[in-house]
Amino acid sequence: MAAMRPCCRWAGCSLYQYKRITSPLSSTQIHFFATGKPPPKPRPYEPEKPLVSSRSKTSQDATSLPSNSRSQQTKNQGVVAPYWRLSIGVVLIGSIVYSMFTSPLQLTEAPSIADRDTISKRESGVTEKSPMRLRMEAFIKEKQNEIVAALQELDPSHKFRIDTWSRPAGGGGISCVQQDGEVFEKAGVNTSIVYGTLPRPAIEKMRVNHKAIDPDVDSLEFFAAGLSLVLHPQNPNAPTVHLNYRYFETMDRDGKCNAWWFGGGTDLTPSYLYDEDAIHFHKCIKDACDKHDRGYYPRFKQWCDKYFYIPHRQESRGVGGIFFDDLDVEEKDQEQLFSFVKDCLASFLPGYLPIITRRKDMPFEDREKQWQQLRRGRYVEFNLVHDRGTSFGLNTPSARVESILMSLPLTARWMYMHEAEKGSREERILTVLKRPVEWV
């Protein structure tokens, strides 16, 4: 045991010393083990010379001690309960050391791509050098404000309800909706930003059109941003219009883009056909397409006629416009396609505002309103049964259903075995819907 005395120390005492403190100890030994110092020699009591007069001295209790003498006496008694203090200290220190070695490490998770993008926007803003996902997000929010302001001027008495929402996994959106207005029965202009993770089946499906996606991973981070718009006017002479432009990219976990593509389009859905409206709408969108590629309009117009087709009715939803999807590096470079999308979106207000301005105050009868409701029913059928955007939105985790179904009209109608009268305006629109027309 003597050989262990130099190295076995516990709370400041050698093992030998610890054995000794378990036996009865004198006050001198207790003071030494508690403080590591020999106790001071007690000082004899010396009454302090009073600083008061003899007159005051007679009033002082002869048996009381001065306060400074009592403090000195307490000091001379040493540390109070040194053995218990030592024991408690050893237990506490031992518990702390034990927890440090046995508790699991609390690692701080790395910030998500959504978090890093948020920090980047706050610190540096969005510039031409920013990632495309941030530039697309900034652009669609800017156009949303512009479109809502223009529509609000048509009906100042009914304000748009504006809801800002967020998603737990990152992103969120802004929904701007007007209902039961003077011009629009229902009008919605939404932006949506989505961060998420694609599972293996979704990756394999997307690789059919995008070979840049890594085939050897079980999951991929993704980002999607889009502006969606649907306007359902009150007047049956005024056409419903739809617009959507979007950007999608997959990313590595560090936020580096893996694959990307653009999609979108716009189309017109009248209840009653006015040729001048269809021609004007198609001309505006054709002009935007021709700035980038003269083959775009005929190609995307045909794609639109094919996409917005209702197979169980054997008719198109409306008189068309353009539609495209999966435009990536195999089509053109990213900057060129972004410029194309911006020009298409910029052509919307010039293409639609003159039409709604002409038609919103035209007189109509109950029969025409009933026909409008029947055509709205066809709109609902396509959106809920065939539209890929609606399906993607409803199947996205933490989907905001109210924003996704914003595209549906406020009212619609289904009648059993309804047929349009021969030679009527209703029959004419049905003829066009069964055989698409080249408007420009």
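Student: Which side chain meets aspartate 163 in a salt bridge?

Tutor: This is a predicted model. Side chains of opposite charge can pair when their charged atoms come close. Here the N to O distance is 3.1 Å, and a salt bridge needs the nitrogen within 4 Å of the carboxyl oxygen. The partner of aspartate 163 is arginine 161.

Student: Is arginine 161 buried or exposed?

Tutor: The relative accessible area of arginine 161 is 58%. The cut-off for exposed is over 50%. Aspartate 163, at 21%, counts as partly exposed, whereas arginine 161 is exposed.

Student: How many salt bridges does the count come to?

Tutor: The rule asks for a side-chain nitrogen of Lys or Arg within 4 Å of a carboxyl oxygen of Asp or Glu. By this rule the count comes to 31.

Student: How far apart are the closest N and O atoms of arginine 358 and aspartate 277?

Tutor: Arginine 358 and aspartate 277 form a salt bridge, so their distance has to be within 4 Å. The closest N and O atoms are apart by 2.7 Å.

Student: Which parts does the pair of arginine 358 and aspartate 277 tie together?

Tutor: Arginine 358 lies in a helix that covers residues 348-359, and aspartate 277 in one that covers residues 275-290. The two parts are 81 residues apart in sequence, so the pair ties together helix H12 and helix H9.

Student: Is aspartate 277 buried or exposed?

Tutor: Arginine 358 has a relative accessible area of 34% and is partly exposed. Aspartate 277 has 4%, and the cut-off for buried is under 20%. Aspartate 277 is therefore buried.

Student: Which residue forms a salt bridge with arginine 367?

Tutor: The N to O distance of this pair is 2.9 Å. The link joins distant parts of the chain, 59 residues apart, with arginine 367 in helix H13 and its partner in helix H16.

Student: Which residues do salt bridges that share partners join into one network?

Tutor: Arginine 358 and aspartate 277 form a salt bridge, and both belong to the network. Its members are Glu276, Asp277, Arg358 and Arg359.

Student: How many disulfides does a search of the whole structure find?

Tutor: A disulfide is a covalent bond between the sulfur atoms of two cysteines. Cysteine 176 is buried at 4% relative accessibility, and cysteine 257 is partly exposed at 33%. A pair would need its sulfur atoms within 2.5 Å, and the number of disulfides found is zero.

Technical notes: Residues numbered from 1 in each chain as written. Predicted model: local features only at pLDDT ≥ 70, side-chain atom pairs only at ≥ 80, totals over all residues. Heavy atoms only, no water. Buried < 20%, exposed > 50% of the residue type's maximum accessible area, 1.4 Å probe, protein only. Helix = DSSP H or I, 4+ residues; strand = E, 2+ residues; numbered from the N terminus.
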